[in-house]
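Q: Could you walk me through this model, one feature at a time? I would like the general idea and then the case at hand.

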Amino acid sequence: MTDTPTARDLVAQYIRAIPDFPEPGILFRDITPLLAEPDAFGQAIDWLTQHCEGADAIVGVESRGFILGAPIAQRLNRPFVPIRKAGKLPAETISRSYELEYGSATIEMHADALGSGARVALVDDLLATGGTAEASLQLVLQAGAEIATVAFLIELEALNGRERLLPQDIVSMLVY
């Protein structure tokens, strides 16, 4: 009898490690091979969907959070709310600025995207240092919503991003 790989094992097969991208010393975790494999991608979406079931809305962080969050929202029959880089959304927005390793960035969400008290699942592809995720959580809270869960496809454990997001419920399918 052959062992059937778990969803994690299957998905992990399609995460490509690219050394020295986008700069020397960085090991980039590329999800594009996963996106090219419908069964493995479906397994990833299924796993993430299970962890987002208690949410009233799914919030995805630009840009790969859109790729993961939209199908999760569709499967759960919940609204999908994008968090985007500043200046990309057409209606009234609320924003949060945060520090990057070299400089700063601002993200935005439509001001009317979430109802007060809505329970939100925040979804993104990668948890590294946690700066973008922390700013995204703050933006959701600024909108008057609550955090049900924070779900990542990949977590880079050595960068301690999880610490910035506590005490939130955080799940990661793959931890490197």
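Q: How much accessible surface does the protein chain have, and what share belongs to carbon and sulfur atoms?

A: Accessible areas come from the Shrake-Rupley method with a 1.4 Å probe, and for residues only the protein chains shown count as cover. Here the accessible surface is about 9100 Å², with 49% of that belonging to carbon and sulfur atoms. Do keep in mind that this is a predicted model: local features need pLDDT of at least 70, side-chain atom pairs count only at pLDDT 80 or more, and totals for chains, interfaces and linings use all residues. Residues are numbered from 1 along each chain as its sequence is written, and side-chain values use heavy atoms, with hydrogens and water left out.

Q: What share of the residues is buried?

A: Buried means under 20% relative accessible area, exposed over 50%, and partly exposed in between (1.4 Å probe, protein chains only). By that rule, 42% of the 176 residues in the protein chain are buried.

Q: How does the radius of gyration compare with that of a compact globule?

A: The radius is taken over C-alpha atoms, and the globule rule is 2.2 Å times the number of residues to the power 0.38. For 176 residues the rule gives a value near 16 Å, and the protein chain, at 16 Å, agrees with it. Along the principal axes, the C-alpha atoms fill a box of roughly 55 × 40 × 30 Å.

Q: How many helices and strands are there?

A: Helices (H or I, at least four residues) and strands (E, at least two) are DSSP runs, numbered from the N terminus. The protein chain has 6 helices and 9 strands.

Q: What span does helix α3 reach?

A: The expected span is 1.5 Å times one less than the number of residues. Helix α3, residues 38-52, has 15 residues and reaches 21 Å from its first C-alpha to its last, close to the expected 21 Å.

Q: Which residues of α3 are buried?

A: An α-helix has 3.6 residues a turn, so residues three or four places apart point the same way. In α3 the buried set includes Phe 41, Ala 44, Ile 45, Trp 47 and Leu 48.

Q: Which aromatic pairs turn up in a search of the whole structure?

A: Rings of Phe, Tyr and Trp (its six-membered ring) pair if their centres lie within 6.5 Å; planes under 30 degrees apart count as stacked, over 60 as edge-to-face and the rest as tilted. The search finds 2 pairs. Phe 21 and Phe 28 are edge-to-face, because their planes are at 80 degrees, with ring centres 5.2 Å apart. Phe 66 and Phe 80 are also edge-to-face, with centres 6.0 Å apart and planes at 85 degrees. This second pair links distant parts of the chain, with Phe 66 in helix α4 (residues 64-76) and Phe 80 in strand β4 (residues 80-85).

Q: Is Asp 125 buried or exposed, and what does Asp 125 touch?

A: Asp 125 lies in strand β7 (residues 119-127) and is buried at 5% relative accessibility. Contact means heavy atoms within 4.5 Å. Leaving out residues up to four places away in sequence, Asp 125 touches several residues, among them Ile 31, Arg 64 and Phe 152.

Q: Where is Glu 157?

A: Glu 157 is in the loop between β8 (146-155) and α6 (161-165). This residue is exposed, at 51% relative accessible area. Beyond its neighbours within four places in sequence, Glu 157 is in contact with Val 175 and Tyr 176.
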